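Dear colleague,

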Amino acid sequence: MDEIKRSVLRSPADVRGFADFEGPLYYAPTGFIDHADDPNTLPLAGSRRGFSALEIIRRREGGGAESMILPLLALEGWVQNSGRVDEINAVLDRLMAKRPDYAGLDMASCHVMGIINVTPDSFSDGGDYNTTEQSVARATAMIEQGASIIDVGGESTRPGADTVSEDEEINRVVPVIRELASKGHVVSIDTRHAGVMEAAIEAGAAIINDVTGLEGDERSMEVAAASGKPVMLMHMQGEPGTMQADPKYDCAVLDIYDYLLDRIESCERAGISRDRICIDPGIGFGKTLSHNLELLSRLAIFHGVGCPILLGTSRKSFIGKIDPKADPKQRLGGSIASAVNGWRHGVQMIRVHDVPETVQAISVASSTSIV
Ligand code: 7PJ
């Protein structure tokens with residue numbers, strides 16, 4: 001396993017901690033417990049998932065960050081000392097508020113998105129389901145097994161994958177989308193190309209899922225805005241072919257938080273309102289094992305932007321770094337563990353290859369938490 005480097009150093013909780021600090025602070029909910037009308041627990045984004053403490057984080061000069069965890073019970077004292085009354089009230093409002101429905105889905109629950117790669121070379125299921133009929137059959141089974149969304153992609157973003165032309169990408173995805181949308185299923189198009197977005201929407205796609213956060217093609221923002229459809233903005237550092245070479249951040253969690261907030265603001269300026277936006281930290285896209293683990297342990301920080309969160313960890317290589325014996329098809333245990341961790345952090349959508357197993361894991365996790 002790669003060496004794990006921590007970039008956020010933790011100090012003991014202290015109601016006077018960071019009191020004289022005037023720079024930006026970041027707030028990550030933690031101490032998860034189901035929200036059961038307990039005055040010491042607050043709901044995460046209007047769900048039944050709750051948090052009982054806040055990790056308060058600041059950047060350090062020269063890189064990295066430091067943090068302290070304050071139980072909500074001690075928060076009031078800290079707020080008085082720090083003079084950040086309005087800031088904390090605004091942060092808590094954003095962390096707690098129920099999100100509006102997204103693509104017609106209720107954002108108080110956790111939805112499973114099934115992955116359909118219509119590619120001959122995708123790393124984890126490539127070659128198995130590469131015809132329209134097989135893709136549609138697999139997607140239909142996923143819906144029956146409890147998926148709320150089907151994510152259809154026609155280009156592999158695996159490092160070293162063959163590049164495909166936009167026409168070829170369109171030829172792969174459009175027949176699958178048309179068929180699934182005609183049956184009333186919610187389909188997202190996983191693409192970084194504006195021409196593919198247009199063709200997919202014309203075929204009935206309900207959501208645009210872009211691993212480049214609408215930055216990969218100069219027309220994407222305008223196409224997405226004009227479509228009126230909801231978008232998923234993912235963070236990626238670099239380009240698929242080279243992104244794993246030497247990814248670097250000052251502090252991955254905070255840099256990615258700032259990036260996503262910045263992309264949301266760009267979308268708003270282009271006419272995409274916040275209730276049409278979902279964000280995704282982009283596990284595995286230009287990130288070391290340490291970066292991925294820091295993100296997964298602080299996912300709830302992303303509720304601070306006020307949008308639903310999508311998490312994609314299914315079969316990814318960080319699982320293979322923790323368990324080097326496991327090639328992509330042997331990563332179900334790790335995929336489920338990370339999905340349940342996402343659910344605990346109040347994530348609203350989880351993108352997976354293994355739908356029935358993930359649906360069952362989340363149902364059992366929900367049933368066995370405090371009622
Ligand atoms: C993701 C994605 C992800 C979003 C892929 C793979 C690579 N879209 N498309 N989030 N991953 N939004 O499935 O391993 O994590 S393709």
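In these notes a residue is called buried if its relative accessible area is under 20%, exposed if over 50%, and partly exposed in between, with a 1.4 Å probe and protein chains only. Helices (H or I, at least four residues) and strands (E, at least two) are DSSP runs, numbered from the N terminus. The model is predicted, so that local features need pLDDT of at least 70 and side-chain atom pairs count only at pLDDT 80 or more, while totals for chains, interfaces and linings use all residues. Residues are numbered from 1 along each chain as its sequence is written, and side-chain values use heavy atoms, with hydrogens and water left out.

On confidence, pLDDT being the predictor's own score for each residue from 0 to 100, the chain has a mean of 93, and 95% of its residues reach 70 or more.

Helix α8 (residues 289-296) is largely enclosed by the rest of the structure, because seven of its eight residues are buried. These are L289, S290, H291, N292, E294, L295 and L296. They pack against β1 (8-11), α7 (252-270), β12 (310-312), α9 (317-322) and α10 (332-344), where contact means heavy atoms within 4.5 Å.

Turning to the ligand, twelve residues surround it, the closest being D190, N209, D280, K316 and R351; a residue is counted here if one of its heavy atoms lies within 4 Å. By class, this shell has five nonpolar, three polar and four charged residues. Of the 380 Å² of accessible area that the ligand has on its own, the protein covers 92%, as computed by the Shrake-Rupley method with a 1.4 Å probe.

D190 itself is found in strand β8 (residues 186-190), and it counts as buried because its relative accessibility is 14%. Leaving aside neighbours within four places in sequence, D190 is in contact with several residues, among them N209, V211 and R351.

With best regards

How values were computed:
Nonpolar A, V, L, I, M, F, W, Y, C, P; charged D, E, K, R; others polar.
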